[in-house]
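Welcome! Have a look at the structure first.

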Amino acid sequence: MDTAAKPAAAPPAGAVVPAAAYRNLLVATIGFALTFWAWNLISPLGSDFRDRLGLSSFQQSLLVAVPVLVGSLGRIPAGALTDRYGAKLMFPLTSALTIIPVLLLIPARNSYAAMLVVGFLLGLGGTTFAIGIPLVNSWFPPAKRGFALGVFGMGMGGVALSGYFTPRIAASGETLPFVVVALALAAYAVLAAFTITDHPQRKAPAESLASRLGQAGRLRVTWELSALYAIGFGGIVAFGVYLPTYLKTWYELSPTDAGTKAAGFALVTVVFRPIGGWLSDRVHPALVTAGALGVVALLAIVQAFEPPLYPGGTIALLIMAAGLGTASGSVFALVAQVTPQPRVGSVTGIVGAMGGLGGFVPPLVMGAIYSAKDSYAIGFMLLSDLALAGCVYAYGRMRTLRADA
């Protein structure tokens with residue numbers, strides 16, 4: 001490793017956390033939530049676009065999944081660029097640039113091809129995760145890092161905000177949600193430019209972008225964590241973009257009611273993410289991950305038998321949400337333990353990308369399965385299999401890793 005890339009030593013476990021750390025955590029979490037709202041703007045209106053454009057189930061699934069794909073892959077360069085230029089530049093810049101595709105949704109909404117193109121650009125909003133993680137990681141000592149990262153992860157509640165507010169705002173004007181989100185992003189970009197500060201001991205790495213990504217990619221733990229995060233966070237993203245469609249199609253709910261219940265699911269994942277980080281500060285995060293994914297595997301089997309929404313389906317979905325939220329928090333607590341500080345952004349980018357990609361595939365699979373079988377049971381059984389595999393691997397392999405591995 002190039003010694004020029006090494007920052008000063010991280011603060012000791014018992015170090016006093018400065019006020020600037022909490023300020024950066026708060027502002028970064030707000031920005032994460034707003035950009036995630038923008039990233040998820042299409043999904044709550046998916047049924048409206050389906051009716052307007054005459055889409056099949058698979059076409060609708062592709063439309064809501066495209067921003068997920070781009071936002072996921074975009075985290076790789078976003079994380080590496082954050083290592084190089086810092087979150088003080090990257091957060092307001094990314095937030096401001098996201099305004100462009102948000103506003104482009106207005107002229108594009110009557111064309112499926114145009115919506116796919118704009119959805120591609122909208123993926124930019126999903127990259128801020130890889131900007132905030134290294135920022136928060138640099139400000140907090142190891143003993144408090146799991147909880148701090150979990151709090152930042154609550155910004156994924158932007159999905160819940162979108163699911164709840166977007167269809168309601170659209171009821172007052174079909175283009176109004178895009179205008180509201182664009183204005184919010186503009187205000188936040190100004191706020192972030194004046195309030196986000198990189199850690200004073202941060203030093204930009206001397207290596208090139210390709211070199212840093214290559215070094216992160218050669219770490220075995222990068223891909224092990226990626227696989228676990230693809231199940232945990234990928235499950236959250238997949239439910240976030242497809243749950244409204246699932247509830248409307250299978251349980252015949254109205255778009256507003258389906259969006260409200262999907263927002264409730266997302267809210268539970270948001271609440272349990274810092275709980276996963278908090279638990280990981282006290283026991284090995286691999287154990288927390290294994291337990292959470294085991295719960296998801298069990299409840300996915302229950303949902304595969306297609307219980308009535310009240311109470312069986314509701315209970316199963318909410319417990320799955322708790323398990324997925326806990327797992328997503330504990331996996332990034334593990335990232336913070338085993339990743340050198342100069343590589344956190346690059347590793348975060350790759351792990352975050354794989355997590356997002358884990359959310360790209362399931363909506364397409366669920367749409368294809370329903371089109372072919374008129375049932376979602378196979379999809380939930382596949383989720384159960386993946387969660388069980390992650391549970392076994394986290395317990396059998398990841399709990400043996402040392403913090404200095």
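Just after helix 14, E306 takes a positive phi of about 55 degrees. This is a predicted model, in which local features need pLDDT of at least 70 and side-chain atom pairs count only at pLDDT 80 or more, while totals for chains, interfaces and linings use all residues. Residues are numbered from 1 along each chain as its sequence is written, and side-chain values use heavy atoms, leaving out hydrogens and water.

Here are the helices we will visit (DSSP runs of H or I, at least four residues, numbered from the N terminus):

| Helix | Residues |
|---|---|
| Helix 1 | 19-39 |
| Helix 10 | 176-195 |
| Helix 7 | 129-139 |
| Helix 14 | 285-304 |

Now to a pair of helices. The axes of helix 1 and helix 10 (lines fitted to C-alpha atoms over the stretch in contact, with angles from 0 to 180 degrees between N-to-C directions) come within 10 Å and cross at roughly 155 degrees. Helix 1 and helix 10 are therefore roughly antiparallel (over 145 degrees) to each other. Where do they meet? On the helix 1 side, the residues include R23, V27 and W37, and on the helix 10 side, V181, L185 and Y188 are among them.

Next comes I131, which lies in helix 7. Is I131 buried or exposed? Its relative accessibility is 0%, so I131 counts as buried (under 20% relative accessible area, with a 1.4 Å probe and protein chains only). Leaving aside neighbours within four places in sequence, I131 is in contact (heavy atoms within 4.5 Å) with A78, T82, A87, M90, F91 and T94. From I131 to A80 is 8.8 Å in space, C-alpha to C-alpha, though they are 51 residues apart in sequence.

Definitions and conventions: Helix = DSSP H or I, 4+ residues; strand = E, 2+ residues; numbered from the N terminus. Expected span 1.5 Å × (residues − 1). Parallel < 35°, antiparallel > 145°, perpendicular 65-115°, else oblique. Buried < 20%, exposed > 50% of the residue type's maximum accessible area, 1.4 Å probe, protein only.
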